[in-house]
Amino acid sequence: MKAKIQVVLCKCCTEIPSVLRLESLSKLASESNNVMSVMTVDAICDGKQLAPVMNDVKQKELDRAVVLACHKKDVSPTLLRAYRRAGVNEFMVELVNIREEVVLPHANEPERAQAKAEAKLRAALARSLMLQPLERQTEEMKTRNVVIIGAGVAGQAAAKEAAKAGAHTVVLEKSGKTLKVPGVVMQHSTLVGAEGYGGNLKLKIRAGEKVESLDAAALVIATGGGWTQLKGSLAKAVKDAVPLYKLNEQVQVDAPIKGPVVVVDSPDPSGKTMAVQDFAWDETLETVVELKKKHPETEIWVVFQEMRAFGLSELVYKEAADAGIKFIRYDKGGVPKADPKNPGVLSVRDFSQGEQLNIRFGTLAFASIPANPDNRLIAEVLRIPMAADGGIRRGSIQRWPVSTPRPGVFVCGSALFPKSREAAEAEGEAAGAMASAFVKRGTIEFGGVVAEVEQEKCSACLTCVRTCPYEAPFIGAAGKAEIRIQACQGCGMCVGICPSKAIELRNYTDDQIMIETRTLLGGDF
Amino acid sequence: MAERRPKIIGFCCERHGMDSAVLAARTGKQFDASVRLVQVPCAGRVDGIHILQALEDGADAVFVLGCLEKNCYYDTGSIEARKRVEYVRQMLAEMGIEKERVEMFNAASTNAWAFPEIVAKMVEVAKKLGPIEEGERR
């Protein structure tokens, strides 16, 4: 069947005609092969103006479209839905960003802009002829369970938030503590295995002695994390440093504490990633104030890079300062150091005075919360990436800050990196809400622009399996790679890397990309 | 005769790469018109053959623009892309073509000045090196 293309030129009110001659673009389009209709509209983003365009599509029974308008993200959802209703597959609509790629940046050179716009139009028409109609598929979720691993601050917040939105929550708690959270609480249980994809996950859970299986639609990781040891150069000199939470425990049980006490704001003050810690200010200040109250004779120093006592912590900060606790600020030029030959002295340059201080200490504490060794196990089971310092790595921060690269698996609280109680709680709520929203959809949608394996060419080299961040490719029963389309996100990384050229990304095939570059290079501007 | 205009192909990822170009345009930055952007879903989609074919079809320089490596939308896409671009550069050097013609860049979608800088850099490279000579091209 011969392709029938509709070309829509958007004026973007008056912006595009002010630089380009739309008549000649329209003439070029109508003279091209397979173009059945050329329309010029004032603004395609205006819903009212879509009606005549769609009527035209229906009348002439067109099957694909090239739209010259602005940035894809600004026009696409409404426009694509309208085309879908009019009977054009949304993957056959080629959107050309003429406004931001041609008109705005080349407004001073209208002749070159015109030539560039024409080349863009030709390239889009060439590419349009090679597009294929694609369908997105849906699959029912078998269960509506939201499983939350960890019942700490973040985990409880996530459970409450998810339950508020109506999801059925299952909380896995490693210890035997009783909890007041909605849903089922499984005590003494840990995650030991997982199969499937977000929406239909099959989990294996060790509860006490036996291993149980559990279906889940979404998963929230709230295992917590942190550091128990000093790192970097300080660790080499000071062997008996205590983490802040240990110091807090000692203060609570009135254990003897050797003074003077120095509290450093980070386990690795000279390190890059852990230079500034804001997670432990409340704990630091509360601990030192309590220590001072119990042992007024103890000398206490707090060495910090940036004081982040905000909100009501400000009052505690004031109380601490009034009680005679000494606060020393340092910066990158004078990080706290200790000499291995003289380990009882911390030398730091006071930022405000510019003086080098040598503080003799009996106890060195550093801001930290207990690390969770489970993170590594969970990351391995779920096949999600870890961050360098022992936490779970989240996906792109723009995408959703509490999501992992796997859809349906969320992460919150200190499992990402150590943070304060309030921040962990807020993240827990966010993750709970995200998980319940994911579950509420009831179906998972997938397909469209996904990778596809040509089985004859595949040599089962496992390159795609290793490359994919979403675990979509796998070696099937035939000994050839296959794509789990429920997991495929359509990035095309496996396509680019396949040494046998056996994988193609639908609607971004090599031919389609190369014809676009060739046509664009054909224009002289 | 007017000065020959360079031809530059830029493979832009749909996420941060394209967004940074769009932001640059929206903030009123002007850049050379000789850059032809080709949108790909992720910088990791760009194959060596796309770059080589573009050079064969008459491009003077090719660049790939992806997300920042630690903040890639598809997690490892721009890291993979950089590896591949390095491979192509090495291949070009073996063929006797200047490897400066092919370059990989990373940009954040909120960074409006990155894109014009990239374009200026590539235009400079293309003007300095000129078109690929017939003898060089296969």
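A residue is called buried if 20 or more other C-beta atoms lie within 10 Å of its own, exposed if 12 or fewer do, and partly exposed in between, with the C-beta atoms placed from the backbone. By that rule, strand 1 (residues 8-13) of chain B is mostly covered, since six of its six residues are buried. Welcome to a predicted model, in which local features need pLDDT of at least 70, side-chain atom pairs count only at pLDDT 80 or more, and totals for chains, interfaces and linings use all residues. Residues are numbered from 1 along each chain as its sequence is written, while chains are lettered from A and ligands numbered from 1 in the order in which they are written. Helices (H or I, at least four residues) and strands (E, at least two) are DSSP runs, numbered from the N terminus.

**Where the chains meet**

- In the contact between the chains, 38 residues of chain A face 38 residues of chain B; two residues are in contact if their C-beta atoms, placed from the backbone, lie within 7 Å.
- Helix 4 (98-103), helix 5 (110-130), helix 14 (493-497) and helix 15 (510-522) of chain A each give at least two residues to the side of chain A that touches chain B.
- Helix 15 of chain A supplies the largest share of that side, eight residues.
- The residues on that side of chain A are 18 nonpolar, 11 polar and nine charged. Here Ala, Val, Leu, Ile, Met, Phe, Trp, Tyr, Cys and Pro count as nonpolar, Asp, Glu, Lys and Arg as charged, and the others, Gly among them, as polar.

**Helix 15 of chain A against helix 2 of chain B**

- The axes of helix 15 of chain A and helix 2 (residues 48-56) of chain B come within 10 Å and cross at roughly 25°. Axes are lines fitted to C-alpha atoms, for helices over the stretch in contact, and angles run from 0 to 180 degrees between N-to-C directions.
- These two helices are therefore roughly parallel to each other; angles under 35 degrees count as roughly parallel, over 145 as roughly antiparallel, 65 to 115 as roughly perpendicular and the rest as oblique.
- On the chain A helix, the contact residues are A:Asp510, A:Ile513, A:Met514, A:Thr517 and A:Leu521, and on the chain B helix they are B:Ile49, B:His50, B:Gln53 and B:Ala54.
- A:Leu521 is buried, with 22 other C-beta atoms within 10 Å. The residues that A:Leu521 touches include B:Lys7, B:Ile9 and B:Arg36.
- The C-alpha atoms of A:Leu521 and A:Ala119 are 8.2 Å apart, although 402 residues separate them along the chain.

**Inside chain B**

- Strand 1 of chain B is covered on both faces: B:Ile8, B:Gly10 and B:Cys12 are buried on one side, and B:Ile9, B:Phe11 and B:Cys13 on the other.
- Strand 1 of chain B runs parallel to strand 2 (residues 35-40) of chain B, joined by six bridges; two strands pair if DSSP finds at least two bridges between them. B:Gln39 in strand 2 of chain B is the bridge partner of B:Cys12.
- Five bridges pair strand 1 with strand 3 (residues 61-66) of chain B, also in the parallel sense. There, B:Ile9 has B:Val62 as its bridge partner.
- Helix 1 (residues 16-26) and helix 4 (residues 114-129) of chain B pack at about 100°, with axes 8 Å apart, and are therefore roughly perpendicular to each other.

**A sheet in chain A**

- Strands 17-18-19 of chain A, in that order, form an open sheet with antiparallel pairing.
- Its edge strands, strand 17 (337-339) and strand 19 (356-360), each pair on one side only.

Definitions and conventions
Lists of a residue's contacts leave out its neighbours within four places in sequence.
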